Amino acid sequence: MIRIFKSEYQGAEFYANMGKYFASLDIAKELDRQLYNKPNSVWYISTYRNVILGFAALFDNRKYYFIDNLYVRPEHRNEGVAKELIQEIVSDYSDKPIKCIANNPYALKIFHNLGFTEDGSNGKYKKLTKH
């Protein structure tokens, strides 16, 4: 099941669910940065029996949407969680391009399979766009 949180309306509930992930040094190390939230962001959180399996954030940058903070807990990788999260975002937000950056080969494969194309790089990250 994917739960959707709009942070400006559901902030307390969002942080009650996600607070430990924002505070996790292990996740910060794996993502190569600390998790962050922006005003008006939309978070997609995959759960099973009230356990968080993974999550992704969507930010509206006016000209395009930006997927960030894509993360799946290690014990739930290769179960289709990331693909489901991205598919849900793409299905909900198709009125303008969706962009992201990724350097994880598994994430890159998922993005490519869902129709994202590479349009450059930013250091070690590939820039991807879905039109």
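Which residue stands opposite asparagine 122 in β7? Select asparagine 122 and look across. Tyrosine 125 is the residue there. The model on your screen is a predicted one.

**Stop 1: the hairpin**

β6 and β7 make a hairpin, and two residues sit between them. Pick glycine 123 in the turn. Its phi is positive, about 65 degrees. Four bridges hold β6 and β7 together in the antiparallel sense.

**Stop 2: across to β5**

Select β7, residues 125–130. On to its pairing with β5. Five bridges join β5 and β7, and the two run antiparallel. Lysine 127 in β7 stands opposite isoleucine 101.

**Stop 3: the whole sheet**

Zoom out and colour the strands. How many strands form the open sheet? Seven do, and the order is β1-β2-β3-β4-β5-β7-β6. The pairing in this sheet is mixed. Find the edges next. They are β1 (2–6) and β6 (117–122), and each of them pairs on one side only. Turn the view to follow the twist. From one strand to the next, the twist averages 25 degrees. Strands of a sheet pair through backbone hydrogen bonds, either parallel or antiparallel.

**Stop 4: β2 and β3**

Select residues 42–48 for β2 and residues 51–60 for β3. These strands pair in the antiparallel sense, over seven bridges. Click isoleucine 45. Its bridge partner in β3 is phenylalanine 55.

**Stop 5: the loop between α2 and β2**

Start with aspartate 32, in the loop between α2 and β2. Its phi is positive, near 70 degrees, though aspartate 32 is a residue other than glycine. With a relative accessible area of 45%, aspartate 32 is partly exposed.

Next, asparagine 40. The loop between α2 and β2 holds asparagine 40 as well. Asparagine 40 is not a glycine, yet its phi is positive at about 65 degrees.

Then serine 41, which lies in the loop between α2 and β2. Is serine 41 buried or exposed? Serine 41 is buried, because its relative accessible area is 0% and buried means under 20%. Show its side chain. A polar contact of 2.4 Å joins it to the side chain of asparagine 37. The side chain of serine 41 also reaches the backbone oxygen of lysine 38, at 2.9 Å.

**Stop 6: the largest pocket**

The largest pocket holds about 870 Å³ of space. Which residues are closest to its centre? Select Leu70, Ala82, Asn104, Tyr106 and Ala107: of the 30 lining residues, these are the closest.

Now colour the elements around the pocket. α2 (25–31), β4 (65–72), α3 (81–92), β5 (98–102) and α4 (105–113) each supply at least two residues of the lining. The lining has 15 nonpolar, seven polar and eight charged residues.

**Stop 7: aspartate 92**

Last, select aspartate 92 in helix α3. Aspartate 92 counts as partly exposed, at 37% relative accessibility. Aspartate 92 and threonine 129 are 37 residues apart in sequence. Check the distance from C-alpha to C-alpha: the two are 16 Å apart in space.

Notes:
Residues are numbered from 1 along each chain as its sequence is written. This is a predicted model: local features need pLDDT of at least 70, side-chain atom pairs count only at pLDDT 80 or more; totals for chains, interfaces and linings use all residues. Side-chain values use heavy atoms; hydrogens and water are left out. Two strands pair if DSSP finds at least two bridges between them. Axes are lines fitted to C-alpha atoms, for helices over the stretch in contact, and angles run from 0 to 180 degrees between N-to-C directions. On a 1 Å grid over the protein atoms alone, a cavity is a set of points where a 1.4 Å probe fits but cannot get out, and a pocket is an open set with protein on both sides within 12 Å along at least five of seven lines; lining residues have an atom within 4 Å of a point. Grid points are joined across faces, edges and corners, and a volume is the space filled by probe spheres set on the points. Ala, Val, Leu, Ile, Met, Phe, Trp, Tyr, Cys and Pro count as nonpolar, Asp, Glu, Lys and Arg as charged, and the others, Gly among them, as polar. Buried means under 20% relative accessible area, exposed over 50%, partly exposed in between (1.4 Å probe, protein chains only). A polar contact is a pair of N or O atoms within 3.5 Å; within protein, one must be able to donate a hydrogen and the other to accept it, and residues adjacent in sequence count only if both atoms are side-chain atoms.
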